[in-house]
Amino acid sequence: MKKFKWLSAFLILLLGSLLLFACSEDGEGDEEVGSSEDDEVIEFMHLWPEGSSAQHYRIVNEIIEDFEEEHPNKTVDLQVYSNEQYKDQITVLSSANELPDVGMTWAAGYMEPFVSGNMFAELDDMLDEGLRDEFVAGTLEAFELDGVSYGLPLELNTTYVFYNKNIFDEHGLEKPDTYEDLQEIISVLNENNVEPISLGNRDRWTGSMWYMYFADRIGGSDVLTEAINGERSFEDPALVEAAEKVQEMVTNDSFNSGFNGMANEEASSMFMNDQAAMYMIATWDLPNFTTNEDIPQEFRDSVDYFKFPTVEGSGDTNSFVGGPGVGLFVSENSEVKDAALEFSSFFIQEWGERSVTEAGVIPGTIVDGESLDLPDMYVEVLEDLENATNLTLYADVQMSAGVADRHLELIQALFGLEITAEEFAEEHENALSEE
Amino acid sequence: MVNKVMSNKWFIILYLFPAFFLVAVLIFIPLLLTGYYGLMDWDGIGEMEFIGLENYINVVQDPRFWESAAHSFLLALFSTLSLAIYLAIAMILASKIKGADLLRKIYLIPMLLSSVAIAQLWIKVYNPSNGMLNTVLHWFGVENPPLWLADPNIVLYSIFIPILWQYAGFYILIYFAALKNIPDTIVEAAKIDGASPLQVALQIKLPLIMGVVKVTIVLAIVGSLKYFDLIYVMTGGGPNGASEVMASYMYKLAFSNNDFGYGSSVGFMLLLITLLVTIIVRKFTASKEEIQY
């Protein structure tokens, strides 16, 4: 009997020590990183895994190498997750107050809880040292809250309608300048049994872009933003008319059938397989239409784009729906905050040209398209950006998370003809006023 | 010696401890924490603020929640009803027909696929313009075949079909095993007494495996009430909430709307509802006597 008591005591001891060991391991690892005084280690987290975003991944690594070469006593510790994993990870880390020193965030509504939770460092002092002028006008503002900057935009996307030149030529069509032209094109295509526009509205933001453009052309570039900010009613006649135009497009069979049940990827593949003549998407898809070797050359040659047309004579075609994608943040509670700021500034300056030439990203910093060896479509888009009069940030990004979800649901209902344009506006007004 | 060891309460504790520890840490403590978070106003990132029962009161009054609950219960109903079909298939398979072994394996294949793969497969099947289903309907001269995943009136049923298909193999396997356990002598005796195959199935075999049937009913109902994955991948609860179930609503609130407090309270309600339904179902299906062959 005694033997067993010893054995059990031993087992309990073993189990206990194992547990202690398992718990303590993480803690010790962290200390090692923080305690070394001479060498500073900057933790950097990004969302471009080697598998799915090879070029992005490589550019980041090159920039880190250059940085470490210039700053021998600083090392960058890299963690990479894919998009959705990244979002989960950052939420979990922030609730444990262990954000990486430098990481990536989305603009406006997404970063609001982080800022109000005091997680992101203010970047204005750094920007005032000259960095501010590097950015395309309007991009930094998307990462501002109450006039304070918390993020450095890396990407900038504008939205266009891309079209298939072969299909247009086949039916003697030319790219439209007005909404009435577009209507004409759609009816010709429908008569010839060609799907005019592919739309994957299960993802909902895709439909939201159509609505936003109608609102912009009919009511001017500020009306939607003002309505979202509560400076104007969402039941403004222009916003109701924009919703009516969307429903007019739906009743005219402008979109592929069953669009509310289709994902954006499906719509995109319809367009890329010549099954639809037009497709609205932002410039993050440009590589698919220019440099991506996985897409047949023949298709890439047949794609062109047009700016969203004027509607009933009103609207400025140089006003765009779009916005910055991800931006860099620096953690407020970072132990190596100065080094982190230095790194993020270095990163921004290196990112612009490299990302556009090697990964086909339209960067948030100013790049001279003419001087670089770029496909024509890129040069045109960069030129459009220079001439842009306005950039309206995606509605669902502007809104807080709860309202954004309601907006997206209403978009789906509007496209599905489940509600009228008036109800659509009224429900928005309710959701915004409930906030 | 062994008995002496096993009757030592310290040893009992020692042996039970690892499992108990894991279950407590991984299941019960998070469960209680979820209930606790439900009392908070929390965006998942910043500070929590205690707001008492406000979230729970809101859930009870939230029409969206009850709508998604209704969808979950509808799924539970369909899952339970479909058990009858699975049982019939299992009975046919167990009656020594030719190729039963092969068929059993075929039926089991959907269970071996991951939910995401099944979802992708059925998204292709349901594709409104070039999906398999609508292409076949076109051949039969249907002019405007339904928009399976886009029409809010039918999307729920469109999703039920792959869900039921996915679990068919699982229940057939369980019934098959139970039926194989019935001694041949009983069936032989019934046949000699002149029972028809239908009588053998309904009056001999069914009562004998009733215990298993009751367990599968509970499994089907509980599984349906907390169902999430196919719906999340195929429609995300859309269009406009037409295929939202309790679990997808909870996920949306917590992770898309950044409302972890409210999401947690919905999660806790989901637990309470599932628990309540399980207790009720167990009560109704409680067996009075044990079956002995």
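Trainee: Which residues does A:Phe162 touch, not counting residues up to four places away in sequence?

Mentor: This is a predicted model: local features need pLDDT of at least 70, side-chain atom pairs count only at pLDDT 80 or more, totals for chains, interfaces and linings use all residues, and side-chain values use heavy atoms, without hydrogens and water. Residues are numbered from 1 along each chain as its sequence is written, with chains lettered from A and ligands numbered from 1 in the order in which they are written. Counting contact as heavy atoms within 4.5 Å, A:Phe162 touches A:Phe271, A:Ala277, A:Met278, A:Tyr279, A:Ile281, A:Leu286, A:Phe289, A:Val303, A:Asp304, A:Tyr305 and A:Met377.

Trainee: How many residues are in the largest nonpolar core?

Mentor: Such a core is a set of buried (under 20% relative accessible area, 1.4 Å probe, protein chains only) Ala, Val, Leu, Ile, Met, Phe, Trp, Tyr and Cys residues joined through side-chain atoms within 4.5 Å. A:Phe162, A:Trp210, A:Tyr211, A:Met278 and A:Phe289 touch the most other members, and the core's total is 88 residues.

Trainee: Why is the pair A:Phe347 and A:Trp351 called stacked?

Mentor: Rings of Phe, Tyr and Trp (its six-membered ring) pair if their centres lie within 6.5 Å; planes under 30 degrees apart count as stacked, over 60 as edge-to-face and the rest as tilted. Both residues are buried. Their ring centres are 5.7 Å apart, and the pair is stacked because the planes meet at 15 degrees.

Key. Buried means under 20% relative accessible area, exposed over 50%, partly exposed in between (1.4 Å probe, protein chains only).
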